[in-house]
Protein chains: 2
Amino acid sequence: MPGLPPRQLGAYFALVEAASLLQHAVEQQLKADGDLSYIQFQLLMRLFGADGRLTMTELADGVVYSRSGLTYQAGLLEKAALITRAPDPRDDRATVVTITDAGRERIDRVLPGHVELVRRLVFAPLSDQDVSTLGDLMGRVRDQMRAEPPRSAAPRKRSQRNRDARDSR
Amino acid sequence: MPGLPPRQLGAYFALVEAASLLQHAVEQQLKADGDLSYIQFQLLMRLFGADGRLTMTELADGVVYSRSGLTYQAGLLEKAALITRAPDPRDDRATVVTITDAGRERIDRVLPGHVELVRRLVFAPLSDQDVSTLGDLMGRVRDQMRAEPPRSAAPRKRSQRNRDARDSR
DNA sequence: TATTGTTATACTCTATAACTATA
DNA sequence: TATAGTTATAGAGTATAACAATA
């Protein structure tokens, strides 16, 4: 790949391939153990860690890239009785999402296998020091991406549509 | 997340979120600049780096998780005239995939923006030393995952009906 | 018998645009 | 006018199973 020094190239490829393998393995595990997609798991975990209730937009943040995508996933979770949706008393435009007991149970059911898998796939070959370092590096990369104006440097020439969708969040 | 020490938890979350953001940003760029999905880009890159021709199974390795998925993507690339498929003279079961001039041109068109994006999103906040370290750590994680018995250890898949029946008890 | 690849099919997910309703 | 959320719909991608041909 011209334009990227070998060191960076290697790091980039390792990152991409590892992330792809990890995502695939995790999806298998969540599906098998609790019939959840990764996104559904993330949404439930977010509610789990937020004392149970969040508004749709709060819930979406960082997990899903379109409003309708969240509505779709929330619809599935609601149909499975893992969450409920109700109007927000404080803002009649918003809807508050609440995790149900069944939702918590589903997380409880899935989590041990998930933790075990992550431990085996990503942390097994790393020392405690390595883990700290990795957390630091990836944390910086993540923060960089969060801070990036998503489309700013993308060539203006081609499609205006893609940009609009992202920018509107 | 019970069962995972805070350090590991932080590293895991940073990794997952960064990977998700990166994937999304890269897909936008490839689509906008060259009308390619990430997978199609990876397949073309693989051919690009392999002196032009590979067998379907060689091509699939590490990029795609099912045979039919590769056939589908190869079909799209062939329809776009970025690759050709022909019987392998050395093994009549196999088919050899070859990148076309148009395929190379497409890569040439997409690569500058891609490199620029990756540089900005992942390498900007890292020193040269950091990059080496990251490459080392993620390389080890990747190798660990490659070594894992992919499906053999997973519990036999149940049918959807069985799962429903059990869940409703 | 095992392997390579394709096809048929059904399913999941994503995203745009149009819409309602409230701030 | 802007924001929160839903719906309709269309398209992209994925995976399993059945299949044909070759090793």
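Predicted model: local features only at pLDDT ≥ 70, side-chain atom pairs only at ≥ 80, totals over all residues.
Six bridges join strand β2(A) to strand β3 (residues 91-99) of chain A, and these two strands run antiparallel.

- To follow the pairing residue by residue, find A:Thr84, which stands opposite A:Thr98 in β3(A). Then find A:Arg85, which stands opposite A:Val97 in β3(A).
- On to another pair: β1(A) and β3(A) are linked by three bridges, again in the antiparallel sense. Here A:Thr55 stands opposite A:Val96 in β3(A).
- Put together, the three strands make an open sheet in the order β1-β3-β2 (chain A), with antiparallel pairing. Its edge strands are β1 (53-55) and β2 (83-88) of chain A, each of which pairs on one side only.
- On average, neighbouring strands of this sheet are turned by 30° against each other, with direction ignored.
- Helix α2 (residues 38-48) of chain A packs on the sheet and touches β1, β2 and β3 of chain A. The direction of α2 makes about 95° with that of β3(A).

**Where chain A meets chain B**

- Contacts between the two chains involve 64 residues of chain A and 64 residues of chain B.
- Between them, chain A and chain B bury about 6,500 Å², and 64% of this lies on carbon and sulfur atoms.
- One salt bridge between the chains brings together the side chains of B:Arg140 and A:Asp130, at 2.5 Å from N to O.

**A helix in chain B**

- Helix α5 of chain B covers residues 101-123, which makes 23 residues. At 1.5 Å a residue, the helix should span 33 Å, and its end C-alpha atoms are 31 Å apart, so the two values agree.
- Look along α5(B) for a kink of about 35° at B:Leu111, shortly before the proline B:Pro112.

Conventions. Residues numbered from 1 in each chain as written. Chains lettered and ligands numbered in written order. Heavy atoms only, no water. Helix = DSSP H or I, 4+ residues; strand = E, 2+ residues; numbered from the N terminus. Expected span 1.5 Å × (residues − 1). Bend = angle between axes of the 7 residues up to and from the residue. Pairing = 2+ DSSP bridges. Axes fitted to C-alpha atoms, helices over the stretch in contact; angles between N-to-C directions. Contact = heavy atoms within 4.5 Å. Buried area = accessible area lost by both parts, 1.4 Å probe. Salt bridge = Lys/Arg side-chain N within 4 Å of Asp/Glu carboxyl O.
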